[in-house]
Amino acid sequence: MQLEPETLCNVAISFDRCKITSVTCSCGNKDIFYCAHVVALSLYRIRKPDQVKLHLPISETLFQMNRDQLQKFVQYLITVHHTEVLPTAQKLADEILSQNSEINQVHGAPDPTAGASIDDENCWHLDEEQVQEQVKLFLSQGGYHGSGKQLNLLFAKVREMLKMRDSNGARMLTLITEQFMADPRLLLWTQQGTAMTDKYRQLWDELGALWMCIVLNPHCKLEQKVSWLKQLKKWNGVDVCPWEDGNHGNELPNLTNALPQGANANQENMEQCKSLEYQHLPAHKFLEEGESYLMLAVEVALIGLGQQRIMPDGLYAQEKVCRNEEQLISKLQEIELDDTLVKIFRKQAVFLLEGGPYSGLGEVIHRESVPMHTFAKYLFTSLLPHDAELAYKTALRAMRLLVLESTAPSGDMSRPHHIASVVPNRYPRWFTLSHIESQQCELASTMLTAAKGDVQRLETVLESIQKNIHSSSHIFKLAQDAFKIATLMDSLPDITLLKVSLELGLQ
């Protein structure tokens, strides 16, 4: 094996309050991240701090010298680097000897070794030009040569910066976004009326998610938020800026393999994370006694999942609604529910059932409200061992699919927190309807399984299926499920379930 010849590089690193604020290296490598030589010197400084001699700021050292020492210092410095510094030295000497020069109007002199003032801004070194160039290069490759992977690595770097509260996170994301907005393909797609590819749209989704993290950061200053809002509005006003729900006028309802189906929908992730452990970390200061960040995270997730929201128009946005919901539920399923978390589940389930127009599980919802089948199935299985009555009440409320109803209940308008379910003349374009109906079917099947042996509950679930499920294939599937559950080998046949199976089969 032939080794590359060893090269020596001159590296300079400036620090300010434990941050690398500037780097230079004679290797000439240009990249967003530090070259190997800068990394090597940084590690050497970290691992062997005693081997790096600390000096006072150069201004302090010069202050201790007499006139002869100062003259010798300057002349030797010029002699060693005469080709680089002699013109500058002569220019500075002329200015200092001139009484009216600008340099003599300033008190003192700069010292690059003294560090910044304690109140000055300080942030990690970031080569902005290189960020712009590399993002531009990756976008120009149009998904080839692993450019999508490289862009995702940049997004991961921004996330890491945000986690470390590094102010470069917002700077770097701004540079990335500007290059995305300048991508010439945006204008081309707009003029041709064609939709961007799913992979490219996923990159835009990641941009949006990262900006959400930045603007919701509780540690940033108000003036920063005002500045970001101004910038986001500016980008949003550009004609070629993509819509969040896509160019729905040109999208075709082709959902082949677009959405995961069934119980194994989130295995890979009506696997990677198994090593994570979630624990209750006490949150001091502004939280009530006994509360933890885990409790708050779970509660916020349940509130978000249960919010009533209208189904967006575009195909991609509808897929995204389903995908994001299932990903969040998958995260929640990794958490082992203890008594504290079960209390939160109970409280939120009750709030959502009584929540009016803000809740997707409220008594009256808009006809085109996003269905709650997937979320309700998770609530049902979580609550069932602890509060069966509340579990069934939640799941039965979620079984509705008003978009398929010819008429919808208007609700009790004497109660001001209710909104009327308005039935428009048009039939909404729900590209994900088949997936939603399969989730509705899974929720019903889950309730049938849990209700085995309970005559009253089985009858209630049957009524809900007959009222809310409109697909004959799904009704037939539920008839089969009911028969299988009723005739399990380890128990006597459940007569009520067999009747449910017969009724559904006949229907």
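This is a dialogue on reading features in a predicted model.

Trainee: How many helices and strands are in the protein chain?

Mentor: Start with the overall make-up. This model is predicted. The protein chain has 19 helices and two strands.

Trainee: What percentage of the 507 residues is buried?

Mentor: Buried residues account for 35% of the 507. Turn next to the surface. The chain exposes about 32,200 Å². Carbon and sulfur atoms supply 55% of that area.

Trainee: Which residues does UniProt list for "domain: SWIM-type"?

Mentor: Treat an annotation as a record entry. UniProt, in an unreviewed entry, lists residues 9–46 under that name. Then look at the coordinates. The end C-alpha atoms of the span lie 19 Å apart. Residues 9–46 are 29% helix and 34% strand.

Trainee: Which residues make the nonpolar surface patch of about 300 Å²?

Mentor: I58, F73, V74 and L77 make the patch.

Trainee: Which helix gives the largest share of the nonpolar patch?

Mentor: Helix α3, residues 67–80, gives the largest share, with three residues. V74 lies in helix α3.

Trainee: Why does V74 count as partly exposed?

Mentor: Check the accessibility against the cut-offs. Buried means under 20%, exposed means over 50%, and partly exposed is in between. V74 has 41% relative accessibility, so V74 counts as partly exposed.

Trainee: Now the rings. How many aromatic pairs does a search of the whole structure find?

Mentor: The search finds seven. Take F180 and Y200. Their ring centres are 6.1 Å apart and their planes lie at 15°, so the pair is stacked.

Trainee: Which parts of the chain does the pair of F180 and Y200 tie together?

Mentor: F180 lies in helix α7, residues 168–181. Y200 lies in helix α9, residues 198–215. The pair therefore ties together parts that are 20 residues apart in sequence.

Trainee: Are F180 and Y200 buried or exposed?

Mentor: Both F180 and Y200 are buried. F180 has a relative accessible area of 0%.

Trainee: What is the geometry of the aromatic pair of F180 and W204?

Mentor: That pair is edge-to-face. The rings are 5.5 Å apart centre to centre, with 85° between the planes. The pair links distant parts of the chain, with F180 in helix α7 and W204 in helix α9, 24 residues apart. W204 is buried too, at a relative accessible area of 14%.

Trainee: Which residues form one aromatic cluster?

Mentor: F155, F180, W189, Y200 and W204 form the cluster.

Trainee: Which residue lies over the face of Y200?

Mentor: Look for a charge above a ring. R185 lies over the face of Y200, at 4.6 Å from the ring centre. Another case involves R201. The charged end of R201 sits over the ring of Y316, 4.8 Å from its centre.

Trainee: With which residue does R185 form a salt bridge?

Mentor: R185 forms a salt bridge with D183. Their closest N and O atoms are 3.0 Å apart. Compare the burial classes. D183 is buried, with a relative accessible area of 7%. R185 is partly exposed, at 22%.

Trainee: How many salt bridges does the count come to?

Mentor: The count comes to 12. One of them joins D205 to K320, with the closest N and O atoms 3.1 Å apart. K320 is buried, at a relative accessible area of 16%.

Trainee: How far apart are the closest N and O atoms of K377 and E442?

Mentor: They are 2.8 Å apart, in a salt bridge. K377 lies in helix α14, residues 373–383, and E442 in helix α16, residues 433–450, so the pair ties together parts 65 residues apart in sequence. K377 counts as partly exposed at 24% relative accessibility. E442 is buried, at 19%.

Trainee: Which residues are linked in a network of salt bridges?

Mentor: E389, D454 and R457 are linked in one.

Trainee: Where is Q440 placed, in which helix?

Mentor: Q440 is in helix α16. At 1% relative accessibility, Q440 counts as buried. Now contrast sequence distance with spatial distance. Q440 and M372 are 68 residues apart in sequence. Their C-alpha atoms are 8.7 Å apart in space.

Key
Residues are numbered from 1 along each chain as its sequence is written. This is a predicted model: local features need pLDDT of at least 70, side-chain atom pairs count only at pLDDT 80 or more; totals for chains, interfaces and linings use all residues. Side-chain values use heavy atoms; hydrogens and water are left out. Patches are made of residues with over 30% relative accessible area and no salt bridge: like charges are joined within 9 Å, nonpolar side chains (Val, Leu, Ile, Met, Phe, Trp, Tyr) within 5 Å. Accessible areas come from the Shrake-Rupley method with a 1.4 Å probe; for residues, only the protein chains shown count as cover. A salt bridge is a side-chain nitrogen of Lys or Arg within 4 Å of a carboxyl oxygen of Asp or Glu. Helices (H or I, at least four residues) and strands (E, at least two) are DSSP runs, numbered from the N terminus. Buried means under 20% relative accessible area, exposed over 50%, partly exposed in between (1.4 Å probe, protein chains only). Rings of Phe, Tyr and Trp (its six-membered ring) pair if their centres lie within 6.5 Å; planes under 30 degrees apart count as stacked, over 60 as edge-to-face and the rest as tilted. A charge sits over a ring if NZ of Lys or CZ of Arg is within 6 Å of the ring centre and within 35 degrees of the ring normal. UniProt positions are given in the numbering used here, feature names are shortened, and annotations may be inferred rather than shown by experiment.
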